[in-house]
Amino acid sequence: MSARAFVASLFAGSLALICLFTLVAFQIIWGLISDLLPAKLGVFGFAFPTAFIIYANGILLYLLIALIFAFLYQMIDRLFIKPVKFIGTAMDEFAKHSRQVPLPDFAHTIEEVDGFTKAFLEYTDSVEKVHERDMEVSRMKSDFISTAAHQLRTPMTGIRWALEALQTSGLTADQQALIDSAVGKSHDLVTIIGTLLDISSIESGKYKYKFEAVDMAGVLEEITRDFSPLAQARQVALYYNKNETPLGKARADRERIKWVLNNLVENAIRYTPAGGSVQVSMDAGLGRIFIRVKDTGIGIKEGDRSSIFERFYRAQNAVQKENSGNGLGLYIARTIATDHGGDLNFEPNKDGQGTTFSFSLPLAN
Ligand code: ADP
């Protein structure tokens, strides 16, 4: 119930009670004194029936009481209800959108409400300044990462090509092994640089999408095919549970969603010990396609739940299982999934060990 409705009903109730009591009292007194009064009374030279004059005065008295109540209600509204309501709306707006709402001048309110309004304005001012400073620092960090990554990419790509050329140039077995390892590492470095560039464009709001109708069954098939050599090498069974009836196309950025699925499937294989399995599946409902990647791997501890999507975070059990990894994949994957309107999340498997990651995409019209 709002404060206004509460005060209004309190006043209306009191007014009704007062009117009822005075009416009863009036009837009793009138019964006692009516015989003692003359039948007519003269007012301004006119003769009016006595009962009429007394009842007219009674009605005037009621109107006066109603006016006093209306005045009191106005005062309470102006002094307390309006300012508190404004501050409530301003707080809500500030909490939800970090935006200051200009407050009207409550000069006619009581000292305490005025003090509270001023304290609130000072608080939002200082929070806003801290927020602006944080944004500036974060923009500078993003710019730095972006410039550094751009600067690194060109020489790194050159080194990778040179190493790849050396790979086929008649080396001894030892030299070949060294060059193969250097090529592998240079591939990893180029991937990390690409990931850093993605992150800096996400953070500067320049990460763009090209939405189109995408046949997700085809994408899932392609991804399971691409990852079967890695799964085989790791002795992990990789399945795609095909749907019997087609689910329709999704509205998505094909390349970006492939990026998400590559990350999820690769993680599932890397974090599943030999002998385990990874299953990719999808179904449709409520105008969306739900995609799941389920593994029988090392799992994610409840304590890591809130950190797993943060940049550079790697859980302890994952570091022990795989020393390669940078903790950036899920951060980007969640951003992409969220930008498609379907949050990326995970749950521990109910029917055994391991984890299921899932996200959803809207069905294309
Ligand atoms: P990376 O795998 O390179 O460390 P990600 O951002 O892809 O980075 O993943 C972040 C962390 O989430 C991983 O280090 C690991 O702790 C955890 N994780 C992701 N996928 C799985 C999975 N399928 N099973 C267990 N842990 C996982």
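In which sense do strand S7 and strand S9 pair, and over how many bridges? Strand S7 (residues 288–295) and strand S9 (residues 355–362) pair in the antiparallel sense, over seven bridges. This is a predicted model, in which local features need pLDDT of at least 70 and side-chain atom pairs count only at pLDDT 80 or more, while totals for chains, interfaces and linings use all residues. Residues are numbered from 1 along each chain as its sequence is written.

Terms for strands and helices:
- Helices (H or I, at least four residues) and strands (E, at least two) are DSSP runs, numbered from the N terminus.
- Two strands count as paired if DSSP finds at least two bridges between them.

**Domains**
- The domain assignment gives domain 1 (3–109), domain 2 (131–203) and domain 3 (212–362); such bounds come from an automatic or database domain assignment.
- The centres of domain 1 and domain 3, taken over C-alpha atoms, are separated by 67 Å.

**The five-stranded sheet**
- Five strands form an open sheet in the order S4-S6-S7-S9-S8, with mixed pairing.
- Strand S4 (237–241) and strand S8 (345–348) are the edge strands, each pairing on one side only.
- Neighbouring strands of this sheet are turned by 20 degrees against each other on average, direction ignored; axes are lines fitted to C-alpha atoms, for helices over the stretch in contact, and angles run from 0 to 180 degrees between N-to-C directions.
- Helix H5 (residues 216–233) packs on the sheet and touches S4, strand S6 (277–285) and S7, where contact requires C-beta atoms, placed from the backbone, to lie within 7 Å.
- The direction of H5 makes about 170 degrees with that of S4.
- In the pairing of S7 with S9, Val293 stands opposite Phe357, and Ile291 stands opposite Phe359 in S9.
- S8 and S9 run antiparallel and are joined by four bridges, and the bridge partner of Pro348 in S9 is Thr355.
- The hairpin of S8 and S9 has six residues between the strands, and Gly352 takes a positive phi near 145 degrees there.

**The S1–S2 hairpin**
- Strand S1 (residues 40–43) pairs with strand S2 (residues 46–49) in the antiparallel sense over four bridges.
- Gly42 stands opposite Ala47 in S2.
- Two residues lie between the strands of this hairpin, in which Phe44 takes a positive phi near 45 degrees.

**Packing of H5 and H6**
- H5 and H6 pack at an angle of about 35 degrees, with their axes 10 Å apart.
- Residues of H5 that meet H6 include Val219, Ile223 and Phe227; the H6 residues that meet H5 include Ile257, Leu261 and Val265.
- By class, this contact of H5 with H6 has nine nonpolar, one polar and three charged residues; Ala, Val, Leu, Ile, Met, Phe, Trp, Tyr, Cys and Pro count as nonpolar, Asp, Glu, Lys and Arg as charged, and the others, Gly among them, as polar.

**Around the ligand**
- Of the 21 residues around the ligand, Arg314, Ala315, Ala318, Gly325 and Gly329 come nearest; a residue is near a molecule if its C-beta atom, placed from the backbone, lies within 6 Å of it.
- Helix H6 (254–270) and helix H8 (329–339) are the elements that give two or more residues to this shell.
- The shell residues divide into 10 nonpolar, nine polar and two charged.

Notes
Contact = placed C-beta atoms within 7 Å.
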